[in-house]
Amino acid sequence: MPSPRVLFYSSSIGLGHVTRDIAIAQAIRGLSPGAQIDWLASSPAREHLIAAGETIHPEAARLNDATTEAEARVRPGRFNITLWAVAVRKRWAEDGRVALSVMNGGGYDAMVGDEAYDVAIALTGGSARLDRPCFILYDFLGLDSMSVNPVEWIGVEAINKAWARDPHGHYQAVFLGELEDLPLTPFGRHGPPRREWAESNAAVVGHVLPFDPAALQDRALLRAELGHGPEPLVVVSAGGTAAGEKLVARCLDSFPLARREVPDLRMLIVSGPRLSAPDGDLQEGVEIRGYVPRLYEHFAACDLAIVQGGGTTTLELTALGRPFLFFPLRHHCEQLRYVAPRQKRLGAGTQLDLKRTSPAVLSRHIASEIGREVAYPPLELDGARRIAELLMEAAGGPAVG
């Protein structure tokens with residue numbers, strides 16, 4: 001049998017998942033060097049894939065702009081992802097139809113969808129079928145109501161009911177993480193416990209990173225290669241969307257206070273591709289960049305990181321063994337109900353609330369945490385290879401190694 005043709009649907013908001021998706025694609029090619037992978041993705045993940053030399057399917061132009069739609073609902077320091085999901089269910093249906101149409105008509109041997117809720121709901125709901133293997137990747141399971149809005153409660157029950165349907169025979173659910181990362185709470189009021197559901201219905205494969213932490217342990221060499229001097233360095237990552245604007249402003253306000261306690265302190269702020277730089281001259285010792293490829297290298301080199309509460313950046317910093325402060329977005333169920341408990345379980349990072357953290361308080365945290373020696377437990381980091389093996393086995397393609 002020839003090497004498989006794979007359709008990869010990278011459907012998450014922002015840039016948080018596309019780097020891990022590329023790592024999975026590389027693992028597939030590692031097992032089958034001739035594998036052909038075509039991509040469906042919207043902006044900004046689509047531009048990232050193009051820059052990485054990946055092949056974008058022409059039908060990707062028909063996908064809704066999920067990131068812009070999400071940013072319309074962002075408020076300073078908070079984002080209710082649950083209300084957003086309820087509001088965009090019709091757009092999910094449109095994107096799901098695009099993905100399934102491409103898959104069914106493109107002669108592909110397998111499909112991978114990262115957080116492709118639209119595809120999963122269409123398949124388990126009986127509105128569509130695939131006669132080829134399909135893998136849906138999750139790093140959290142189920143939505144939670146984060147307000148008293150009745151629309152949110154009703155929508156959560158409907159989405160969770162669809163989510164918890166038995167996927168067997170329709171697609172293979174894959175959980176990226178460890179079983180302990182899943183809560184014991186049920187899908188909605190009447191659904192099965194989420195951890196129990198994963199044990200019965202999902203392949204739990206560990207985490208996926210786009211780098212090998214062991215290759216980034218020489219911090220002095222990294223700093224020299226990246227142009228960082230010997231001064232204490234804080235790296236701030238505001239994420240790939242406009243949700244990080246308030247975090248950037250708070251870090252800028254805290255910097256002169258922190259520099260009184262930490263002489264020669266330097267701060268690199270990575271605002272992401274969708275945030276414009278603040279007006280006015282920057283303070284001495286501060287640098288702002290809109291986008292940094294391989295940001296994880298700067299994380300590995302820094303003395304302290306300040307990030308949002310996203311699953312990707314907190315995981316990378318944990319794997320790299322760096323001290324960090326993280327600010328989950330208020331009302332964001334994934335960051336508050338999954339990422340924060342995971343970090344607490346691992347003893348990795350210091351969780352803060354942006355609304356309750358003044359510049360003075362943040363500066364004190366910077367002074368106390370910068371350069372601190374940490375010892376986090378090891379993580380299961382073999383997820384990319386395990387997904388590639390699942391796909392190759394299901395698709396029947398040749399594998400090497």
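This is a predicted model: local features need pLDDT of at least 70, side-chain atom pairs count only at pLDDT 80 or more; totals for chains, interfaces and linings use all residues.
Biologist: How many salt bridges are found in the whole structure?
Modeller: The search finds 20, a salt bridge being a side-chain nitrogen of Lys or Arg within 4 Å of a carboxyl oxygen of Asp or Glu. One of them joins arginine 29 to glutamate 54, with the closest N and O atoms 2.7 Å apart.

Biologist: Is glutamate 54 buried or exposed?
Modeller: Glutamate 54 is buried, at 12% relative accessible area. Arginine 29 is partly exposed, at 25%. Buried means under 20% relative accessible area, exposed over 50%, and partly exposed in between (1.4 Å probe, protein chains only).

Biologist: And which residue does glutamate 178 meet in a salt bridge?
Modeller: Arginine 345, at 3.8 Å from N to O. Glutamate 178 is buried at 9% relative accessibility, whereas arginine 345 is partly exposed at 38%.

Biologist: Changing topic, where is tryptophan 92?
Modeller: Tryptophan 92 is in helix H5, residues 89–105; helices (H or I, at least four residues) and strands (E, at least two) are DSSP runs, numbered from the N terminus.

Biologist: What does tryptophan 92 touch?
Modeller: Not counting residues up to four places away in sequence, tryptophan 92 touches Trp84, Ala85, Tyr117, Asp118, Ile121 and Ile159, where contact means heavy atoms within 4.5 Å.

Terms used: Residues are numbered from 1 along each chain as its sequence is written. Side-chain values use heavy atoms; hydrogens and water are left out.
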